[in-house]
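Have a look at the sequence and the model first.

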Amino acid sequence: MPINSSFLQELKYKTDIEDIISAYVSLKKRGSTYVGLCPFHNEKTPSFTVYPETQSFYCFGCGAGGDTVGFIRKIENLDYVDAVKLLADRAGLEMPMDGFDDSVSKQRRRILEANRAAAKFFHSLLMSEEGKAALDYLKNRGLSQKTVNKFGMGFAPNAWHDLTDELVKQGFSHNDLIQAGLIRRGNNGYFDFFRNRVMVPIIDVRGNVIAFGGRVLDDSKPKYLNTGDTLVYKKTNELFSLNNAKDSGEDSLILCEGYMDVISMYQAGFKNAVAGCGTALTNEQVKLISRYSNEIVLAYDADEAGQKAVSKALVLLKNSDLKVRVPILKYGKDPDEIIKNVGVEKFRGMLEGATNEIEFEIIKLRNQFNLNTTQGKIDFVNEIIKTLADTTPVEQDLYISRISEEIGIEKRNLKAQLDDYSRKYARSKRRSDYNSIISESIRQNTRLGFNSDTTSLKTKAEDRLLYLLIKYPDCHRYLSDFNQNYLSAGFVQKVFSMICSNIESSVDNDLMSFSADLSTEEMSRLSGIIAKGQPSKEPKAEFKDCLKVIENEHNKKNASADVLNDDDFRKMFENK
């Protein structure tokens, strides 16, 4: 194991999974377990379960599961060693200095150190004579020196290797800088990735500089250049300025399109503004927003591209428990421009008057179709019905009543059309959900190395065998004549060997003893086996039955492989 078992045992005794997870998920007690909305996929009905007895968690919706370390790894996007370190810090324990391989952890730390050094270099240049044009550009955009300092803004000079030379002088290797996305290697050697740009560091909620966004000073393209994915940064998982917004004291987050919008809004007093990092809104970002707020305000640009982005975001947000509001923005194309044109208070009024997602769709469709014509009304109704189909009965009644009055169509006719569409939509959604579950099951089995020829009977027997071995270690004595090769290759054989090794070494088979050697997918699979398993009245007899089933299924498969089918038989004689 990468970290010695005695330390992990101490960490286990000083860590309570309910306390750790409740910092991220609102949990409610249900019998001997706790339930909540899963932070790893969007859901409205709680399927995420925490088991204090086994110090584990499992989501019956998406299949995510594991121990405390696995939860921290997944929710904080950390490797195994860094997740253990985070838990050790919370428990007041000092990590052992030997007995584990932290090469990946060291590389992550080196990248973060390089990013911090680069941020200092860029900021110092912005405040020098060389950065005067960039600082003037920021001040002309209305940013104060206080705001520039707050966001650690900087300037990348119009040179090929100034940053490279400076950070190598500080002791960083070229490989460190490449891994951080700060430099590239070309035919003529190493060169700086960011050149002649205003630099905006992207800082995570722990205060680490994880990436950069660089903006040109003129209208040249590309307008923005962003750090690519690294060991410490994945753009689809991050939100710019969440480190500031989480401490704003607000229950809502204002989601903007760009870094400069967020910075201008922060200066204007909207400290709960955030932005995606160069991509459209993602499921991972929705989950992140849900951890820090109850409401999201979509303050995207007022142009056509911005409004299309709003529509896409609304589709993603439908399955979350977030309250969603969309302001109607006027007097400028984006929040930064609007604040400059009409001031903070008018912009604040637009945010406070923001409509919900249904109102937004009604306004959008009303502008899209000519409601003075018969065809315009038909097209409008056909589209708005799709929006109302996924709302509550009360919302449907209220909106149908209003639309009926506005366009002069009988309410009962609108209701009949809505009911017909809802029935078709429900059937289609059930088929889609079923196909998604089947597809994900196939993908998971493939990832974990399951044999596609394994029968469902053998799979059930293998899952039960692993459960019984963990829960009733005395069953191990009945394995003397059992051939491990009868088990499915991959996950099952791997976990079986680990369980047996732990029993033989008198090590507890709790999930923390597996987390160092299993991937997050494998830990989820094992957690599911434990979560779905039921105690046995006669574990030893049931264990022996599982062994027989596995051996019989193995023999059946081998026997069938040895038997020639009709086509094989015919070909043999045709070739003679």
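The report below starts with the ground rules and then turns to the rings.

This is a predicted model, in which local features need pLDDT of at least 70 and side-chain atom pairs count only at pLDDT 80 or more, while totals for chains, interfaces and linings use all residues. Residues are numbered from 1 along each chain as its sequence is written, and side-chain values use heavy atoms, with hydrogens and water left out.

**Aromatic rings**

A pair of aromatic rings is described by the distance of the centres and the angle of the planes. Here, rings of Phe, Tyr and Trp (its six-membered ring) pair if their centres lie within 6.5 Å; planes under 30 degrees apart count as stacked, over 60 as edge-to-face and the rest as tilted.

| Pair | Centre to centre | Angle between planes | Type |
|---|---|---|---|
| Phe 40 and Phe 57 | 6.3 Å | 40° | tilted |
| Phe 270 and Phe 347 | 5.5 Å | 85° | edge-to-face |

Phe 40 sits in the loop between strand E2 (33-36) and strand E3 (48-51), and Phe 57, 17 residues apart from it, in strand E4 (residues 56-59). Helices (H or I, at least four residues) and strands (E, at least two) are DSSP runs, numbered from the N terminus. Phe 40 is buried at 11% relative accessible area, and Phe 57 is buried at 1%; buried means under 20%, exposed over 50% and partly exposed in between (1.4 Å probe, protein chains only). Tyr 24, Phe 40, Phe 48, Phe 57 and Phe 71 form one aromatic cluster.

Phe 270 is in the loop between helix H11 (259-267) and strand E14 (273-276) and Phe 347 is in helix H15, so their pair ties together parts 77 residues apart in sequence. Both Phe 270 and Phe 347 are buried.

**Cysteines**

How many disulfides does the structure hold? It holds zero, a disulfide being a pair of cysteine sulfur atoms within 2.5 Å. The sulfur of Cys 277 is too far for a bond because the closest cysteine sulfur, in Cys 256, is 13 Å away. For Cys 546 the closest is in Cys 475, at 9.1 Å, again too far for a bond. Cys 277 is buried at 0% relative accessibility, and Cys 546 is buried at 7%.

**A helix and a glycine**

Among the buried residues of H20 are Lys 458, Asp 463 and Arg 464.

Gly 353, in the loop between helix H15 (344-352) and strand E17 (355-356), is exposed at 51% relative accessible area.
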